[in-house]
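User: Could you walk me through some labels for this structure? I would like to see each one set against its definition.

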Amino acid sequence: MMDVDRLKRAAEERALSRSELASVVIEIDAGARGPYLLSLLGVVARARSPHAEELLLRFLDHPEHPDVASWVLHALGLQWRRFDLVADRVRTALAGPDDLRDVRLTAATVAAAMYRAGGADDLLAHLVREVEVAASSGELRLAVEPLVDALGIERPAGGLTELADEALRVGRQRLAEHGRHALEGRP
């Protein structure tokens, strides 16, 4: 196994050689799995080589290993801010099955960043819906944070219920405003 921590540091310092990066890619292509694969992908993401996007995109939809897909979605969406590369995957994940919960949570966080950056109303609608259908306080806590982040609202005094109520109120209001603007032909 490679000294991945050293390789990550070298990539961050822009001191990773082409041969070291090539060795990492060979290791990934040879079938690295689990935490080792995530560490190797971390080297690639930090190196930001010209072909890194292509390699990372191969793992964006990795249903047999949702932790890998979630990590790649986070890296491309939040670290690289490459919303153009992840937009379709974010929408698919938000509408996806509950057994891919980690991917859905990462997708919600990326959707919030995309919405703040001028994303589409459907992203906000997904985030509102996640809060509306949360069945437990644990689910509600996980769903409300991306919505609050997307809306940029201040947290009201009180607990989780008050925060969810305020986020839903503001979210629904924004969706209604966007709908009115669309009908009037305004952006």
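User: What makes Arg169 and Glu166 a salt bridge?

Analyst: A salt bridge is a side-chain nitrogen of Lys or Arg within 4 Å of a carboxyl oxygen of Asp or Glu. In Arg169 and Glu166 the closest N and O atoms are 2.7 Å apart, so the pair qualifies under that 4 Å rule. A word on the source: this is a predicted model, where local features need pLDDT of at least 70, side-chain atom pairs count only at pLDDT 80 or more, and totals for chains, interfaces and linings use all residues. Residues are numbered from 1 along each chain as its sequence is written, and side-chain values use heavy atoms, with hydrogens and water left out.

User: Why are Arg169 and Glu166 separated by about one helical turn?

Analyst: Because they are three residues apart in helix α10 (residues 160-184). Helices here are DSSP runs (H or I, at least four residues), numbered from the N terminus.

User: Why is Arg169 called partly exposed?

Analyst: Buried means under 20% relative accessible area, exposed over 50%, and partly exposed in between (1.4 Å probe, protein chains only). Arg169 has 44% and Glu166 has 23%, so both count as partly exposed.

User: How do you know that Arg46 and Glu12 tie together separate parts of the sequence?

Analyst: Arg46 forms a salt bridge with Glu12, with the closest N and O atoms 2.7 Å apart. Arg46 lies in helix α3 (residues 34-47) and Glu12 in helix α1 (residues 4-12), so the pair ties together parts that are 34 residues apart in sequence. Arg46 is partly exposed, at 31% relative accessibility.

User: How many salt bridges does the rule give?

Analyst: The count comes to twelve. Among the residues involved, Glu53, Arg82 and Asp84 are linked in a network.

Note on methods: Helices (H or I, at least four residues) and strands (E, at least two) are DSSP runs, numbered from the N terminus.
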